[in-house]
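Subject: Structure handover

Hi there,

Here is the structure I promised to pass on. Please have a look at it first, and then read on for my notes.

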Amino acid sequence: MKFATSRIAAAVGLSLTLGLAAATVHAAPIVVKFSHVVAENTPKGQGALKFKELAEAALPGKVEVQVFSNSQLFGDGKEMEALLLGDVQIIAPSLAKFDRYTKKLQIFDLPFMFDDMAALDRFQASPKGQELLDSMKSKGIKGLAYWHNGLKQLSSNKDKLVRPEDVKGLKFRIQSSDVLEAQFRQLGANPQKLAFSEVYQALQTGVVDGAENPWSNIYSQKFHEVQKTIAITNHGALDYMVITNSGWWDGLPEDVRAGLQKAMAGATAHANKLAAEINDRDQKLIAEAGKAKIQTLSKEDVAAWRSALKPVWDKFQDQIGKDIIDAAVASNQQ
């Protein structure tokens with residue numbers, strides 16, 4: 001009898017121990033690793049820190065957001081694999097890097113697709129734009145938000161950069177994107193795929209003659225010091241999609257998922273406002289530096305660029321989807 005009683009007591013004790021252990025495990029915060037490849041003082045870097053601040057404030061004790069900037073955790077080439085393996089929970093790659101997962105996001109690389117950032121915002125907030133956030137779910141990728149960098153300007157080491165014929169035969173650095181490659185080939189220029197870290201030296205030594213970048217990239221990387229001319233073309237957008245592992249996201253408790261989504265909305269507004277402010281500031285700083293001539297294009301000049309590049313739309317229409325292109329065009333008309 002004593003033996004039976006002692007066994008029951010031991011079982012109760014074990015049960016209590018396991019219960020306490022389970023409670024401790026349950027109480028441990030969910031760790032969210034947010035990895036990115038840029039500096040903390042960029043719009044993306046500040047957006048990530050704002051997300052940490054808002055998420056931990058909304059879900060005290062339930063989540064811990066760890067931000068890793070400057071490729072501390074994973075570099076450009078490894079971050080997607082890390083996300084899919086569950087080694088990191090959130091990343092924010094450039095939209096140009098998704099064409100191996102879906103061709104639909106090539107909409108953002110089409111030249112002169114959006115008249116301005118307001119049109120881009122309208123499209124991204126539209127039903128079609130929001131659908132694109134889920135366009136890679138079958139590959140295990142869930143889009144959470146769009147973050148801005150800015151509209152791209154064209155730069156070169158030549159004195160004249162006004163009409164499409166001015167870039168014929170020149171070498172331009174591009175991101176790894178079929179649309180961007182087609183864009184420069186359509187102009188009779190030679191696209192060269194280079195890592196972002198290699199661009200300054202390539203421009204300085206003449207390995208490439210020019211590039212396309214938002215003002216913030218041009219200024220922060222000092223591209224204006226090794227280019228003669230920057231034309232205000234606003235011919236394309238350089239944006240990011242903040243993404244997560246869809247399996248991980250769907251497996252979160254409902255209240256945690258809702259809290260993280262709300263924090264992401266706040267971080268997105270913060271990052272996008274900052275991107276606009278930084279691009280305006282950096283355009284002025286480049287002008288004040290006086291090292292590269294900033295060229296303003298007339299309506300006729302812009303029309304010539306648009307006309308020269310329109311065949312690129314036709315080339316990728318079937319891959320992207322006419323419905324998506326039509327929705328993007330409609331965003332310019334509001």
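Let me begin with a loop: Asn70 sits between strand S2 (63–68) and H3, where helices (H or I, at least four residues) and strands (E, at least two) are DSSP runs numbered from the N terminus. Its phi is near 50°, a positive value in a residue other than glycine. Asn70 counts as partly exposed because its relative accessibility is 48%; buried means under 20% relative accessible area, exposed over 50%, and partly exposed in between (1.4 Å probe, protein chains only).

Asn234 also has a positive phi, of about 45°, although it is not a glycine. This residue lies in the loop between strand S9 (229–231) and S10, and with a relative accessible area of 29% Asn234 is partly exposed.

Before going further, some bookkeeping. This is a predicted model, in which local features need pLDDT of at least 70 and side-chain atom pairs count only at pLDDT 80 or more, while totals for chains, interfaces and linings use all residues. Residues are numbered from 1 along each chain as its sequence is written, and side-chain values use heavy atoms, with hydrogens and water left out.

Now the cores. A nonpolar core is a set of buried Ala, Val, Leu, Ile, Met, Phe, Trp, Tyr and Cys residues joined through side-chain atoms within 4.5 Å. The largest one has 51 residues, and those with the most contacts inside it are Phe98, Ile107, Phe108, Leu110, Val167 and Met241. Elements giving two or more residues to this core include helix H3 (79–85), strand S4 (141–151), strand S10 (237–245) and helix H11 (299–320). H11 gives the most, with six residues. A second, separate core of 24 residues includes Leu144, Tyr240, Leu252 and Ala263.

Phe108 deserves a click: leaving aside neighbours within four places in sequence, its contacts (heavy atoms within 4.5 Å) are Leu95, Phe114, Leu120, Phe123, Gln124, Leu132, Tyr146 and Ala237.

The whole structure has one cavity of 30 Å³ or more. The largest cavity holds about 50 Å³ of space, a volume being the space filled by probe spheres set on points joined across faces, edges and corners. Its lining includes Phe112, Gln183, His235 and Trp305, and H6 and H11 each supply at least two lining residues.

Best wishes

Methods
On a 1 Å grid over the protein atoms alone, a cavity is a set of points where a 1.4 Å probe fits but cannot get out, and a pocket is an open set with protein on both sides within 12 Å along at least five of seven lines; lining residues have an atom within 4 Å of a point.
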